[in-house]
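My notes follow in the order in which I made them.

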Amino acid sequence: MSEPKKLILNLFEMNTVSHITHGLWRLPGNNRHRHGEIAYWQELAQLAEEGGFDAVFLADVVGAYDVFRDGPETAVREGLQIPSHDPLLVVPLMAAVTRRLGFGVTFSTSYEPPFAFARRMSTLDALTRGRVGWNIVTSYLPNAARNFGLDEQIPHDERYRIAEEFLSVVYALWERSWDEDAVLFDTDGAVVTDPSKVHYIDHVGANFRVAGPHLVEPTPQRTPVLFQATGSPAGIALAGRHAEVVFTGGKSAADFRRNRARMQDAAIAAGRSADDLRFLVQAGIVVGRTEAEAARKWDTYRRFTSLDGILAHASVPLDLRAFDGSLTVAEAAGLAGVDINGLGLAPERTVAETLDGFRRSREDRYFVVGTPGVVADEIERWLDEDGIDGINLRQYHSFDTLRDVAELVVPELRRRGRLRDDGEPTTLRQRLFGAGSRLPATHPARR
């Protein structure tokens, strides 16, 4: 009998007040207002490590959500990812009070130079002893482009071409600028590093000119674990070439399997193996010791949820709440003078139906309310029937969601053999893939 498939268990976070659970910062006892405190991140990290989590994954944006109602006011009022602090800076705080917990950080390839970023990530890899990963994004908010001196967003596929070159630069810095045995600390010879083993990279491309050498010696992983969230053809192609862990999903198991197959095909086309990728979905878990307790929690979360926050996050350029619910979306768009083709909404649905769909948008395949046994059954179904490798756990309440899963669900998953043993500290890559700390030879960074 084969060993049960192990779940990758990540906590989904952001250094902000309202991440993806809109309005829930108002819940009694919620700690979201403490996101700017050292103690918040250290308490969270300790709870996650003691609770059996593999990593804390930090999302990020570099702009405000200002499409809904033609401005940022709704997002600002709702605390929707603003105020938002730098995700990289809290990683050392969490690493200092943990031994095994990994960290994923989001950083955009579109607006900042690769040389400085490569140095920061190498520093994090060194400080954490190899427990860090990078979520590769190209940024999607119009306001982000304006924050970096552009009049409008770089076209979608052009952002991915820039990302491809950005990756080439950081790979050269991380993997090829320093030989493995360059650092000597030879006190007798008064040599810190052998100069013959440190190299310029001399990159000259369409978007970047970087001479090198890299300023950081080889770190435990050299290249951090490479995460990516995507769905577009250009994004899937990039993930197939580069990603190790992909965040994807779907409203159904069939949706997820379709997305996974497309990315595995892209990996094979890039000369890699389908098994080189791991697939994580964002999951909502509301658990109680009884069904009634779980139902009460979910009812409370729904009552506190802000529809305005959801619509602002979706960057809907039409304020559906300003129209009679019986109108169709097409009729509302016509009254507002908004092009229906740019909305991404079903024109024949009523405004009321569409708003209800937004409210329930995260109550899909990867969502469960129930007792520990019910939740564990559902997670096993996701693993065995759908073929996911892990989850990013959505936080409804900080830190009650984390505590509930750690105290109620994790012991049940351990009993069923679905989680990794804690064991000795390893790098994040070793923990996720059970192999070495460095990228495999099939990865383009190594080739």
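**Entry 1: a serine in a helix**

I began with Ser122, which I found in helix α4. Helices here are DSSP runs of H or I with at least four residues, strands are runs of E with at least two, and both are numbered from the N terminus. I noted that this is a predicted model, in which local features need pLDDT of at least 70, side-chain atom pairs count only at pLDDT 80 or more, and totals for chains, interfaces and linings use all residues. Residues are numbered from 1 along each chain as its sequence is written, and side-chain values use heavy atoms, with hydrogens and water left out.

Is Ser122 buried or exposed? I found a relative accessible area of 2%, so Ser122 is buried. Buried means under 20% relative accessible area, exposed means over 50%, and partly exposed lies in between, with a 1.4 Å probe and protein chains only.

I then listed what Ser122 touches, leaving out residues up to four places away in sequence: Trp174, His214, Val216 and Thr219. A contact means heavy atoms within 4.5 Å. I also checked the pair Ser122 and His214, which are 92 residues apart in sequence and 9.5 Å apart in space, C-alpha to C-alpha.

**Entry 2: the strands around β13**

Next I looked at strand β13, residues 390–393. Gly390 and Asn392 point one way, Ile391 and Leu393 point the other way, and all are buried. I wrote the general rule beside this: side chains in a regular strand alternate between the two faces of the sheet.

Which strands pair with β13? Strand β1, residues 8–14, runs parallel to β13 and is joined to it by four bridges. Strand β11, residues 278–287, also runs parallel to β13, again with four bridges. Two strands pair if DSSP finds at least two bridges between them. I noted that Asn392 of β13 has Asn10 opposite it, and that Gln282 stands opposite Asn392 too.

I followed β11 further. Strand β10, residues 245–247, is joined to β11 by three bridges, and the two run parallel. Val246 has Phe279 as its bridge partner in β11. Nine of the ten residues of β11 are buried, so β11 is largely enclosed by the rest of the structure.

**Entry 3: backbone exceptions**

As a general rule, most residues other than glycine have a negative phi, and most peptide bonds are trans.

Which residue does a cis peptide bond join to Ile82? I found Pro83, with omega at about 0 degrees. Pro83 lies in the loop between α2 (73–78) and α3 (91–95). I noted another cis bond from Ser398 to Phe399, with omega near 15 degrees. Phe399 sits in the loop between β13 and α14 (400–415).

Then I turned to phi. Arg129 is not a glycine, yet its phi is positive at about 60 degrees. I placed Arg129 in the loop between α4 (114–127) and β4 (132–137). Arg129 counts as exposed, at 56% relative accessibility. Ala190, also not a glycine, has a positive phi of about 55 degrees. I found Ala190 in the loop between β5 (183–186) and β6 (191–193). Ala190 is exposed, with a relative accessible area of 70%.

**Entry 4: a buried arginine**

I looked up Arg431, in helix α15 (residues 428–433). Its relative accessible area is 10%, so Arg431 is buried. What does Arg431 touch, not counting residues up to four places away in sequence? I listed Phe53, Asp54, Arg100, Arg420, Asp421, Asp422 and Thr426.

**Entry 5: the whole chain**

I finished with the totals. The protein chain has 15 helices and 13 strands. Its radius of gyration is 23 Å, close to the 22 Å that the globule rule gives for 447 residues, so the chain is as compact as a globular protein of that length. The radius is taken over C-alpha atoms, and the rule is 2.2 Å times the number of residues to the power 0.38. The C-alpha atoms fill a box of roughly 80 × 55 × 45 Å along the principal axes.

I noted that 54% of the 447 residues count as buried. Of the contacts with a separation of 6 or more, 74% are between residues 24 or more positions apart.
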